[in-house]
Amino acid sequence: MRYLSPGLVLMGALMLQAPVAHAVPITFNATLTQANEVPPTGSPATGNATVILDPALNTLQVHVTFSGLESPTTASHIHCCLASPFLPGVNVGVATTVPTFTGFPLGVTSGTYDHIFDLTLASSYNPAFDGATPALQEATLVAGIEAGETYLNIHTMMFPNGEIRGFLVAAPEPTSLVLLASGLLGLGLIRRRKRAARSC
């Protein structure tokens, strides 16, 4: 019986990724901490954000939870676009609605937020954000999010430039995880067969 090398099986499994389907919603996550601020704030606050970009519907769902802020909230936004992916130590302009996300809880030190933005509307963007039309603004924001050039920030009274923030990072695709697990399982089976063949 002919056996494939374990490396070949794993490489094959990783290359079998499904083709990119641009109409499929893409999830991005951010861990909000003081260390990501410029400069760091020393705040004990924490937060998490999940952003779901749906290219087919032209929507952006933003879900944020936060707690332990040292002073009440004044605003929250997505900022875009960094000069390179996940570039630390840099502040860039506000891309989304100003003065804050629509309906974001203000005057609190902890809370939850959930809103779906229509990316075809001018009201979803900072008027000063790149592009003269919502279509151009959408293209720039989507490209920035997908390239790792955006961060979500929560601003407070004590820290008007931001108390906690985090980079938006693409969540692993379920298909990729299944393929990787299948490849690893295949490696295990091949090794087991080789051991069994040697003991015969």
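Which residue in β6 is the bridge partner of Cys80? In β6, that partner is Thr150. The model is predicted: local features are reported only at pLDDT of at least 70 and side-chain atom pairs only at pLDDT 80 or more, while totals for chains, interfaces and linings use all residues. Residues are numbered from 1 along each chain as its sequence is written, and side-chain values use heavy atoms, with hydrogens and water left out.

**Overall composition**

- The protein contains 3 helices and 8 strands; helices (H or I, at least four residues) and strands (E, at least two) are DSSP runs, numbered from the N terminus.
- Along the sequence, these elements follow the pattern α-β-β-β-β-β-α-β-β-β-α.
- Of the 200 residues of the protein, 38% count as buried; buried means under 20% relative accessible area, exposed means over 50%, and partly exposed lies in between (1.4 Å probe, protein chains only).
- The protein exposes about 10,600 Å², and carbon and sulfur atoms supply 64% of that area; accessible areas come from the Shrake-Rupley method with a 1.4 Å probe, and for residues only the protein chains shown count as cover.
- Among contacts in the protein with a separation of 6 or more, 68% are between residues 24 or more positions apart; contact means heavy atoms within 4.5 Å.

**The sheet containing β4**

- An open sheet of 3 strands has the order β4-β6-β7, with antiparallel pairing; two strands pair if DSSP finds at least two bridges between them.
- Strands β4 (73–80) and β7 (164–167) stand at the edges with a single partner strand each, so one side of each is left without a neighbour in the sheet.
- From one strand to the next, the twist averages 10 degrees.
- β4 and β6 (residues 150–156) pair in the antiparallel sense over 7 bridges.
- Because 7 of its 8 residues are buried, β4 is largely enclosed by the rest of the structure.
- Helix α2 (residues 134–146) lies across β4 and β6 and runs at about 85 degrees to β4; axes are lines fitted to C-alpha atoms, for helices over the stretch in contact, and angles run from 0 to 180 degrees between N-to-C directions.

**The cysteine pair**

- The structure holds 1 disulfide, a disulfide being a pair of cysteine sulfur atoms within 2.5 Å.
- This disulfide is formed by Cys80 and Cys81, whose sulfur atoms are 1.8 Å apart.
- A disulfide is a covalent bond between the sulfur atoms of two cysteines.
- The torsion about the S-S bond of Cys80 and Cys81 is about 65 degrees, so the disulfide is right-handed.
- The peptide bond from Cys80 to Cys81 is cis, with omega near 5 degrees.
- Cys80 counts as buried at 7% relative accessibility, whereas Cys81 counts as partly exposed at 28%.
- Cys81 is found in the loop between β4 and β5 (111–118).

**Other backbone features**

- Most residues other than glycine have a negative phi, and most peptide bonds are trans.
- A cis peptide bond joins Val98 and Pro99, with omega of about 10 degrees; Pro99 lies in the loop between β4 and β5.
- Phe86, placed in the loop between β4 and β5, has a positive phi near 55 degrees although it is a residue other than glycine.
- At 36% relative accessibility, Phe86 counts as partly exposed.
- Asn58 has a positive phi of about 55 degrees and is not a glycine; this residue lies in the loop between β2 (46–54) and β3 (59–67).
- At 24% relative accessibility, Asn58 counts as partly exposed.

**The nonpolar core**

- The largest nonpolar core has 29 residues, and those with the most contacts inside it are Leu60, Val62, Val64, Ile78, Leu141, Leu152 and Ile154; a nonpolar core is a set of buried Ala, Val, Leu, Ile, Met, Phe, Trp, Tyr and Cys residues joined through side-chain atoms within 4.5 Å.
- Two or more residues of this core come from each of β1 (26–32), β2, β3, β4, β5, α2 and β6.
- With 4 residues, β3 gives the most to this core.
- Leaving aside neighbours within four places in sequence, the contacts of Leu60 include Val51, Ile78, Ile116, Phe117 and Leu141.
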